[in-house]
Amino acid sequence: MRDREVKVRPKSNYMSRQDDINPEMRAILVDWLSDVVLEYNMHQETFHLSVSLVDRTLSKFRTSRERLQLIGTTAMMIASKYEEIYPPELKEFVYITDDTYTAEQIIQMERIILNELRFDIGTPTSQWFGGRFARYQRASRKTVNAMNMLLDLMLLDVNYIAYRPSYIAAACLCYANVLTGPTPWSTEMESWSGISITDMSNLLRAIHDTFRCSSSSKFQSIPQRYNTSDFDYVADLPAPTQLPL
């Protein structure tokens, strides 16, 4: 999977080639997709795969701001078919756009995305790696919730595409350990994952800044979700005063 994560990554500089959309528009889309996942009780891996498909698609061609939500909606429909046992029906995806797009437009965009990606849908996301890292560590529920919150927050910022998903997952688990108490990154985790704290030092600093700013961000879907009893109120945890660097 380490080889595949490199093979199917979106281009980290694709946004510079887009004429009519920008990072904030992408963040608005991701924030909205987070709400859709919650409303339809879909898995977090569906959310992460959806965003990955959006970024991979936008790496292939330019689009207009009017079609950005169409790409996001269609990417989520494709991801839900891949990840969910009972994915929402096509009419539900029309409904969530408030009938901005027709069923025919979504089906047409599905063909475009699948053809552009050559039907190569499955990709190891940071959520995929995070789940495996957390299981190996035997992380507590609270630590896993904190890690998942951080993994979701990373999706809002297009700059994180520059990092490999496995490194994002490792850094988010390490930071979650700092937030919730365990050893930040044990020698056993370093040996098993092949990733050291030094390897993820820049990521840890970026995650620290993202988490500190999340409560005041205009994008509140993710912080609000994780500031509930279901997720141990991890969004309300105080940011650490020092990183394990």
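**View 1. Tyr233, a partly exposed residue in a predicted model.** At 45% relative accessibility, Tyr233 falls in the partly exposed class. This is a predicted model, so keep that in mind for every view here. Tyr233 sits in the segment after H12. Its phi is positive, about 55 degrees, even though Tyr233 is not a glycine. For context, most residues other than glycine have a negative phi.

**View 2. Asp98, another non-glycine residue with a positive phi.** Here we're looking at the loop between helix H5 (90-96) and helix H6 (103-116), which is where Asp98 is found. Phi of Asp98 is near 60 degrees. Is Asp98 buried or exposed? Asp98 is exposed, because its relative accessible area of 67% is over the 50% cut-off.

**View 3. Asp120 in the loop between H6 and H7.** Asp120 comes out as partly exposed, with 23% relative accessibility. Which residues does Asp120 contact, once neighbours within four places in sequence are left aside? They are Arg4, Val8 and Arg56. Leu53 makes a handy reference point for this view: Asp120 and Leu53 are 67 residues apart along the chain, and their C-alpha atoms are separated by 9.9 Å.

**View 4. Helix H7, from residue 126 to residue 137.** H7 has 12 residues and reaches 16 Å from its first C-alpha to its last. That is close to the 16 Å expected at 1.5 Å a residue. Which residues of H7 are buried? Go through the helix and you'll pick up Ser126, Gln127, Phe129, Gly130, Gly131, Phe133 and Ala134.

**View 5. Ser34, buried in helix H2.** Helix H2 covers residues 23-39, and Ser34 is part of it. Why does Ser34 count as buried? Its relative accessibility is 5%, and the cut-off for buried is under 20%. Skipping residues up to four places away in sequence, Ser34 touches Phe47, Ser221 and Ile222.

**View 6. Domain 1 against domain 2.** The chain is divided into domain 1 (14-117) and domain 2 (126-236). How far apart are the centres of the two domains, taken over C-alpha atoms? The separation is 24 Å. The contact takes 18 residues from domain 1 and 17 residues from domain 2. Between them the two domains bury about 1500 Å², with 60% of that on carbon and sulfur atoms. If you want to zoom in on the domain 1 side, go for Asp31, Gln44 and His48: these supply 35% of the area that domain 1 buries against domain 2, more than any other three residues.

**View 7. The largest nonpolar core, with Leu150 and Met200 picked out.** This core has 79 residues, and Leu150 and Met200 touch the most other members. Which helix gives the largest share of the core? That would be helix H9 (residues 165-180), with 10 residues. The core also draws at least three residues from each of domain 1 (14-117) and domain 2 (126-236). Zooming in on Met200 and leaving aside its neighbours within four places in sequence, you'll find contacts with Ala170, Ala171, Cys174, Trp185 and Ile195.

**View 8. Leu245, in the segment after helix H12 (221-226).** What does Leu245 touch, not counting residues up to four places away in sequence? Its partners are Ile197, Ser201, Leu204 and Arg205.

**View 9. Spans taken from the UniProt record.** For "domain: Cyclin-like", an unreviewed entry in UniProt lists residues 31-115 and 127-209. Over residues 31-115 the chain is 74% helix and 0% strand, with the end C-alpha atoms 26 Å apart. Residues 127-209 come out at 69% helix and 0% strand, and the end C-alpha atoms of that span lie 20 Å apart. The unreviewed UniProt entry also lists residues 124-240 for "domain: Cyclin C-terminal". That span is 59% helix and 0% strand, and its end C-alpha atoms lie 29 Å apart.

Technical notes
Residues are numbered from 1 along each chain as its sequence is written. This is a predicted model: local features need pLDDT of at least 70, side-chain atom pairs count only at pLDDT 80 or more; totals for chains, interfaces and linings use all residues. Side-chain values use heavy atoms; hydrogens and water are left out. Helices (H or I, at least four residues) and strands (E, at least two) are DSSP runs, numbered from the N terminus. The expected span of a helix is 1.5 Å times one less than its number of residues. Buried means under 20% relative accessible area, exposed over 50%, partly exposed in between (1.4 Å probe, protein chains only). UniProt positions are given in the numbering used here, feature names are shortened, and annotations may be inferred rather than shown by experiment. Contact means heavy atoms within 4.5 Å. A nonpolar core is a set of buried Ala, Val, Leu, Ile, Met, Phe, Trp, Tyr and Cys residues joined through side-chain atoms within 4.5 Å. Domain bounds come from an automatic or database domain assignment. Buried area is the accessible area (1.4 Å probe) that two parts lose on being put together, summed over both.
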